Amino acid sequence: MEQAEEAEVVLRLDGITKRFGALVANDGISFDLTKGEVIALLGENGAGKTTLMNILFGHYTADAGSVEVFGHPLPPGHPRAALAAGVGMVHQHFTLADNMTVLENILLGTGSLWTPRLGAQAARARVAKLSADFGLSVHPDAKVGTLTVGERQRVEILKALYRDARILILDEPTAVLTPQETTALFETLRKAVALGLSVIFISHKLGEVMAISSRVLVLRHGRLVGEVSTSDTDRHKLAEMMVGTEITAPKLSERTPGPALLTLSNVDTSRRGNAPGLAGVNLTLRAGQITGLAGVSGNGQAALAALIGGLETPVHGGMDLHGDVPADWSPRAALAAGIARIPEDRHRTGTVADFTLTENAVLECYADAPYSRKGWMDWSAAEGFAKKIIETYDVRCPGPSARIRLLSGGNMQKLILGRVLEAGPKIILANQPVRGLDIGAVTFVQNRLIKARDAGAAVLLISEDLDEVTALSDVIHVIYEGRLSPAFPRGTMTPAQLGTWMAGHGFEGGADAA
Amino acid sequence: MEIFDILLSASFWAAVIRIASPLIFATLGELICERAGVLNLGIEGIMVIGAFAGWMAVYLGAGLWAGVLVAMLAGMLFGLLHATLTVPFGLSQHVVGLGVTLLATATASFAYRLSLPEVTSPPKIEPFQPWEIPIVSDIPLLGPALFSQTALTYLAFALVVAVSLVLYRTPLGLALRAAGENPASVEAQGLSVTAIRMGAVVVGSGLMAIGGAFLTMSAFSSFFFEMVNGRGWICIALVVFGAWKPGKALLGALLFAAFDALQVRLQQTPMGAVVPYQVFLMVPYVLSILALILMSRRAEVPAALMIPFNKGER
């Protein structure tokens, strides 16, 4: 029949179903991948994309369904079998050993464990050739721990190519990349496809899906809800398929900024673990203005958040708060000064997982009236506060006495948002406020931040998502290795220009004092 | 000064090497476990069971090397228990390790009482004899210190080289180090984290037991209940001191042994008549703590040490 005309099917998923307890993560998913194509697997967080790929790669075992690679069934639950069949996976969280070299990471597990030699010399030549063929430059003898995120991703891809992968799965590969690195990655993928490889590209970023894929599969709540040719669709249609409802993006109205509420002048702070501290940072947060901070993760965002949140004091330089220099700077002093914090990691620093919603709601004000009097907690007042937040901020939960760990990320974030905004803050430190949330919750959180800005709060929005920063900010700074770019007013910079700054250009020379 | 006389005597250096030998075995064993990501606090008890099992086997008629083998197998058995509880079941490595130490120590006592119910002082065996290596043992000072030791001591030093080679030059060593650094990398390359970690703990425990057996079969000739006397815990510190590297760990073991040999000799000097002997006993430990503080500040801890790995966990 038409078989001869069709491109060769390299991968076939048939009726894959996976449950985690009551949650159905994948519900009867079937699709084909043909030779030399890039398909995008699009869906919100929790839609089941990663689960599906982990089943394909053998990290999980499916409850039902089967996988066929090059016409042969793939035994479930064995990454080794998937690798042998030509499936290579670039995980979202890199699976690299930091204390070993690039070459060692690539070689790991490629031969028998019982051979006495590593065979590093032959491997080195092959890695060099693959690097050249696919445009993946990385030094084979560098310790992985010293590499940038983009370089680590190249090592992950090299690992797969070294094993002769014919099918590459990339799980949210661009989440950690600058726009330039993303472009380079796409170049590599195009080269791979030209050489006959097939690619599954997992993402929730619509622009990238449109740019790289030839076909899009949309997952929602574990089901495959749509399959379209990329040329027949657009970003808006894809977004609606992904969410299942119409969406409207938050809008920023014109507003004249008020007085400076917080000013940093030439501030240095010490390093935070592997991340740089601040170096000569000048920053002004004004009332009624959202200041966006763009930058690749790990470039000093944590240091800035720690400084403003009171966890860190400047080693050098001045900090001016409402026209005063704060004496003893601490988290408590920051709270007292009207600084509200939406922390980066809502699970670890934003909430106490095994505390109730009520307890979490009063985490920052438990020592104040009316929640405690003369050293005794007034739990009914605290519960009243929690109920108010649940109602006003649409926190979907069993009730105020439920433990917060039972809530989804979005609802957890809404509780934090309520706790923060109900205190009537002057300055809001929003660190990755919508990371990992679905579009509904994203819109809710963003609209609330805009509302707070319109009510006169100064908002510092730290985000790795350039689209979010450009959409929500009145002024934008780029952070790179602890240094801050000049303030760019809204609409004066294109995403590509900001991306250049994110990659560190513009900071050399006179930009140090920027 | 007496201290220089001590430092220039061959008997002092011979003692250093002798005291270091059991520590080298057990430190290498612990290092292998920790490089794979498992802290093995069973070390103290596994050394006790090794000391007992090797000695008992020889007492019952086995050859010396057969005794070493028995000790190693006994250690591996307790290592298997530790590995089973900590690796596939992912239980707390602290609790399991201390439990294994208590169990192994108690098993040794129980077996001793059961097999020798009437004995008041433990019977002696014929231990390993010094093996003088021709020619090199005639070198002044160095010869008697380094080259008239027992075969087990030579084995300990050879193992330092062997473990280094395996860790850094073979695919097995690569997989082992990766399991302790980021087990997900091992899993993603199609290897079994469970198998690698369990294997490391079992083999490592075997080495610890040989360290214990050294005490009853080379250093002394019989078994006493308190003879391991915290050496296992010292080895845990030596692994940290050595920054999880075999060569540096060997250095640490020699340093500790030198302090220990020195304090015994200092007790016999005129100074020993004035200063209470307990002060001398403290010296190696105090100096070890100081050395640990100086040496281990920048050490690279295996990133996944003490973190259980569960395949397919969300």
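Predicted model: local features only at pLDDT ≥ 70, side-chain atom pairs only at ≥ 80, totals over all residues.
Residues are numbered from 1 along each chain as its sequence is written, chains are lettered from A and ligands numbered from 1 in the order in which they are written, and side-chain values use heavy atoms, with hydrogens and water left out.

User: What makes strand β19 of chain A largely enclosed by the rest of the structure?

Analyst: Buried means under 20% relative accessible area, with exposed over 50% and partly exposed in between (1.4 Å probe, protein chains only). Five of the five residues of β19(A), residues 458–462, are buried, and the strand is therefore largely enclosed by the rest of the structure. Both of its faces are covered, with A:A458, A:L460 and A:I462 buried on one side and A:V459 and A:L461 buried on the other. The strand itself is a DSSP run (E, at least two residues; helices are H or I runs of at least four), numbered from the N terminus.

User: How do you know which strands pair with β19(A)?

Analyst: Two strands pair if DSSP finds at least two bridges between them. Strand β13 (residues 289–294) of chain A is joined to β19(A) by five bridges in the parallel sense, and A:T291 stands opposite A:L460. Strand β18 (residues 427–431) of chain A also runs parallel to β19(A), with five bridges, and here A:L429 is the bridge partner of A:L460.

User: Why is the crossover from β18(A) to β19(A) called right-handed?

Analyst: The term applies if, with the strands pointing away from the viewer, the path from the first strand over the helix to the second runs clockwise. The chain crosses from β18(A) through helix α15 (residues 439–454) of chain A to β19(A), and this β-α-β crossover is right-handed.

User: What makes a space a cavity and not a pocket, and how many cavities of 30 Å³ or more are found?

Analyst: On a 1 Å grid over the protein atoms alone, a cavity is a set of points where a 1.4 Å probe fits but cannot get out, whereas a pocket is an open set with protein on both sides within 12 Å along at least five of seven lines; lining residues have an atom within 4 Å of a point. A search of the whole structure finds two cavities of 30 Å³ or more. The largest has a volume of about 70 Å³, and its lining takes in residues of both chains, including A:F57, A:E156, B:A188 and B:Q189. Helix α5(A) gives the most to this lining, with three residues. The second largest cavity, of about 30 Å³, is lined by B:T86, B:V87, B:V193, B:T194, B:R197 and B:F309.

Terms used:
Points joined across faces, edges and corners; volume = space filled by probe spheres on them.
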